[in-house]
Amino acid sequence: MLSVLSYGRIVARAVLGGLSQTDGRDYSLITASCGFGKDFRKGILKKGMCYGDDACFIARHKSADVLGVADGVGGWRDYGVDPSQFSATLMRTCERLVKEGRFTPSSPVGILTSGYYELLQNKVPLLGSSTACIVVLDRRSHRIHTCNLGDSGFLVVRGGEVVHRSDEQQHYFNTPFQLSIAPPGAEGVVLSDSPEAADSSSFDVQLGDIILTASDGLFDNMPDYMILQELKKLKNTNYDSIQQTARSIAEQAHQLAYDPNYMSPFAQFACDNGLNVRGGKPDDITVLLSIVAEYAD
């Protein structure tokens with residue numbers, strides 16, 4: 001259920017809520033991950049950085065820390081295709097590009113584009129679709145650069161308030177923007193967006209800022225105020241505390257997803273679109289929880 005990663009000797013001298021920036025200090029991310037596959041109750045879990053049809057990665061290079069989340073489109077299962085293969089392969093490819101230094105920190109869409117086009121050129125046939133969100137911290141400039149295609153996304157929290165967030169991209173209700181590889185002859189039938197269509201943003205961060213990157217399984221089941229309540233439990237920047245909070249958030253979202261009487265954000269969105277829906281939304285859930293800290297090599 002729980003996947004954790006720790007990179008290098010990271011010194012967390014930040015105080016939650018943010019500190020003023022000091023030029024010359026490199027920043028880094030202390031990140032923990034947690035998630036559930038939708039079939040968790042059946043005891044079906046995937047290994048590595050995959051939770052059901054969701055996939056993610058946490059990578060670093062000398063210039064940046066990079067996070068990624070992708071959500072495989074489950075409808076492919078009706079055609080005998082495992083949706084997790086596309087999202088997992090996309091995230092593994094993006095992770096490799098980062099570790100090889102084949103990226104520019106200010107252009108996360110470049111990582112996504114390169115990863116996607118590698119999949120298109122893959123000699124091994126791969127079919128499927130996925131949303132994707134990539135978050136890059138440029139260590140030296142103290143800036144976050146993001147790209148988000150579809151309905152995965154991120155929040156940046158400072159002083160208990162959301163100060164930045166991704167914009168969801170939907171063609172229409174419950175049909176997010178997505179990267180796709182279709183069978184030969186079906187390219188015009190399968191919904192497919194260009195990676196360049198991803199929504200991009202850049203902004204400064206401070207020591208102690210909290211970055212939550214997640215699949216729609218979280219955001220469809222937990223509104224911002226619930227997420228902020230859980231983040232208040234994060235009292236310090238040590239790794240174990242971040243891990244525990246990531247797990248708490250993922251567990252609460254998973255529980256709410258199966259509550260038939262809960263008016264979830266997804267149910268509210270459905271009602272806004274003229275549908276009579278109530279309850280949580282059973283779905284794969286992936287949570288990456290990060291703290292911006294001072295980095296020491």
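Student: How many helices and strands are in the chain, then?

Tutor: The chain has 297 residues, and 53% of them count as buried. Its accessible surface comes to about 12,900 Å², with 49% belonging to carbon and sulfur atoms. As for secondary structure, the chain holds six helices and 15 strands.

Student: What pLDDT does the chain average, and over which residues is it below 50?

Tutor: The chain averages a pLDDT of 90, and 89% of the residues score at least 70. Over residues 1-21 the pLDDT is below 50, although this stretch has 77 contacts in the model beyond near neighbours in sequence. Where pLDDT is low, the predicted coordinates should not be read in detail.

Student: How many disulfides does the count come to?

Tutor: A disulfide needs two cysteine sulfur atoms within 2.5 Å. For Cys-50, the nearest cysteine sulfur is that of Cys-56, 7.2 Å away, so Cys-50 is in no disulfide. The count for the model comes to zero.

Student: Is Cys-271 buried or partly exposed?

Tutor: Buried means under 20% relative accessible area. Cys-50, at 13%, is therefore buried. Cys-271 has 29% relative accessibility, so Cys-271 counts as partly exposed.

Student: Moving to helix 2, what span is expected at 1.5 Å a residue?

Tutor: Helix 2 covers residues 108-120, which is 13 residues. The expected span is 1.5 Å times one less than the number of residues. From first C-alpha to last, helix 2 reaches 19 Å, close to the expected 18 Å.

Student: Which elements do the buried residues of helix 2 pack against?

Tutor: The buried residues here are Pro-108, Ile-111, Leu-112, Thr-113, Gly-115, Tyr-116 and Leu-119. Residues three or four places apart in an α-helix point the same way, because there are 3.6 residues a turn. The packing partners are strand 5 (64-72), helix 1 (83-99), strand 6 (128-138), strand 7 (143-149) and strand 12 (179-181).

Student: Which residues does Ser-87 contact, leaving aside neighbours within four places in sequence?

Tutor: Ser-87 is found in helix 1. At 0% relative accessibility, Ser-87 counts as buried. Its contacts are Asp-53, Asp-54, Ala-55, Ala-70, Asp-71, Gly-72 and Ser-130.

Student: Which side chain does a polar contact of 3.0 Å join to that of Asp-220?

Tutor: Asp-220 sits in the loop between helix 3 (216-219) and helix 4 (224-231), and is buried with a relative accessible area of 11%. Not counting residues up to four places away in sequence, Asp-220 touches Ser-264, Pro-265, Phe-266 and Lys-281. The polar contact of 3.0 Å is with the side chain of Lys-281.

Student: And what distance separates the C-alpha atoms of Asp-167 and Ser-201?

Tutor: Asp-167 lies in the loop between strand 9 (161-165) and strand 10 (170-172), and counts as partly exposed at 46% relative accessibility. Beyond neighbours within four places in sequence, Asp-167 is in contact with Asn-148, Gly-150 and Asp-199. Asp-167 and Ser-201 are 34 residues apart along the chain, and their C-alpha atoms are separated by 9.7 Å.

Note on methods. Residues numbered from 1 in each chain as written. Predicted model: local features only at pLDDT ≥ 70, side-chain atom pairs only at ≥ 80, totals over all residues. Heavy atoms only, no water. Buried < 20%, exposed > 50% of the residue type's maximum accessible area, 1.4 Å probe, protein only. Helix = DSSP H or I, 4+ residues; strand = E, 2+ residues; numbered from the N terminus. Contact = heavy atoms within 4.5 Å. Polar contact = N/O pair within 3.5 Å; in protein donor to acceptor, adjacent residues only side chain to side chain. pLDDT = per-residue confidence, 0-100. Areas by Shrake-Rupley, 256 points an atom, 1.4 Å probe, with all protein chains shown as cover.
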